[in-house]
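User: Hi! Could you walk me through this one while I have it open on my screen?

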Amino acid sequence: DAKTTQPPSMDCAEGRAANLPCNHSTISGNEYVYWYRQIHSQGPQYIIHGLKNNETNEMASLIITEDRKSSTLILPHATLRDTAVYYCIVRLRIKAAGNKLTFGGGTRVLVKP
Amino acid sequence: EPEVTQTPSHQVTQMGQEVILRCVPISNHLYFYWYRQILGQKVEFLVSFYNNEISEKSEIFDDQFSVERPDGSNFTLKIRSTKLEDSAMYFCASSVTNTGELFFGEGSRLTVL
């Protein structure tokens with residue numbers, strides 16, 4: 001799986017959009033970008049994933065650059081409950097690759113009132 | 001909303017004792033996983049399990065560890081003879097398919113004295 005680089009921490013104001021960057025310059029053509037988050041030592045929680053098109057769901061939006069070497073997770077209106085560590089993970093989505101997630105250090109996001 | 005449940009939430013044990021951590025995956029999920037997170041460190045993959053056998057395991061998952069699905073609902077992780085370094089949060093996860101999103105439980109904190 002391709003390696004990812006994320007800033008170790010960032011602050012965000014409550015009610016504002018939080019933009020979380022992730023670099024994955026060695027991503028291969030069939031690797032997906034996944035985002036999970038972990039709120040205060042709870043189990044990781046799936047947020048969103050994408051291959052090359054931008055994706056949106058009820059939690060967040062995922063913007064992937066055209067060259068796919070980086071992406072941004074957008075939390076449109078951050079709340080205090082969004083304070084968590086956010087993990088960007090790149091992996092193949094094929095049966096042969098299995099479903100193992102390799103977590104890095106992630107970005108510790110602190111949403112402030 | 002269906003969820004993965006884990007018991008116990010916290011277990012304290014003496015070094016050398018056997019420990020069994022239990023998980024009830026989401027009912028229609030077929031793939032099961034254990035991860036662990038030592039305090040202050042990354043979430044690490046231990047093992048994946050499908051069709052009553054291990055699909056993949058990490059180098060952490062040595063002979064002291066075993067998994068089983070004894071009754072079609074529970075999924076257990078056994079540590080045969082605990083060591084101090086086994087102290088960690090253990091997360092169970094499940095997924096519908098081998099490529100789908102993982103749903104994690106809240107974790108079982110194991111403290112080995």
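**Strands and the contact between chains**

Analyst: Happy to! Cys12(A) has Val111(A) as its bridge partner in strand 9 of chain A. Keep in mind that this is a predicted model.

User: Thanks. Which way do strand 1 and strand 9 of chain A pair, and over how many bridges?

Analyst: Strand 1 of chain A, residues 9-13, pairs with strand 9 of chain A in the parallel sense, over five bridges.

User: And how does strand 8 of chain A run against strand 9?

Analyst: Strand 8, residues 84-92 of chain A, runs antiparallel to strand 9 of chain A, and three bridges join them. In that part of the picture, Ala84(A) stands opposite Val109(A) of strand 9.

User: Which residues of strand 9 of chain A are on the covered face?

Analyst: Thr107(A), Val109(A) and Val111(A) make up the covered face, while Arg108(A), Leu110(A) and Lys112(A) are on the uncovered one. In a regular strand, side chains alternate between the two faces of the sheet.

User: Nice. Switching to chain B: what is the strand order in the open sheet?

Analyst: The order is 1-3-8-7, four strands with antiparallel pairing. Strand 1 (5-7) and strand 7 (65-68) of chain B each have a single partner strand, so they stand at the edges with one side lacking a neighbour in the sheet. On average, neighbouring strands of this sheet are turned by 15 degrees against each other, direction ignored.

User: What holds strand 1 of chain B to strand 3?

Analyst: Three bridges join strand 1 of chain B to strand 3 of chain B, residues 19-24, and the two run antiparallel. For one pair to look at, Thr5(B) has Val24(B) as its bridge partner in strand 3.

User: OK, now the interface. How much area do chain A and chain B bury between them?

Analyst: About 1700 Å², with 52% of it on carbon and sulfur atoms. The contact takes 22 residues from chain A and 20 residues from chain B.

User: How many salt bridges are there across it, and where?

Analyst: One salt bridge is found across the interface of chain A and chain B. Lys100(A) forms it with Glu56(B), with the closest N and O atoms 3.6 Å apart.

User: Last one: which strand of chain A gives the largest share of the side touching chain B?

Analyst: Strand 3 of chain A does, with three residues.

Technical notes: Residues are numbered from 1 along each chain as its sequence is written. Chains are lettered from A and ligands numbered from 1 in the order in which they are written. This is a predicted model: local features need pLDDT of at least 70, side-chain atom pairs count only at pLDDT 80 or more; totals for chains, interfaces and linings use all residues. Side-chain values use heavy atoms; hydrogens and water are left out. Two strands pair if DSSP finds at least two bridges between them. Axes are lines fitted to C-alpha atoms, for helices over the stretch in contact, and angles run from 0 to 180 degrees between N-to-C directions. Buried means under 20% relative accessible area, exposed over 50%, partly exposed in between (1.4 Å probe, protein chains only). Contact means heavy atoms within 4.5 Å. Buried area is the accessible area (1.4 Å probe) that two parts lose on being put together, summed over both. A salt bridge is a side-chain nitrogen of Lys or Arg within 4 Å of a carboxyl oxygen of Asp or Glu.
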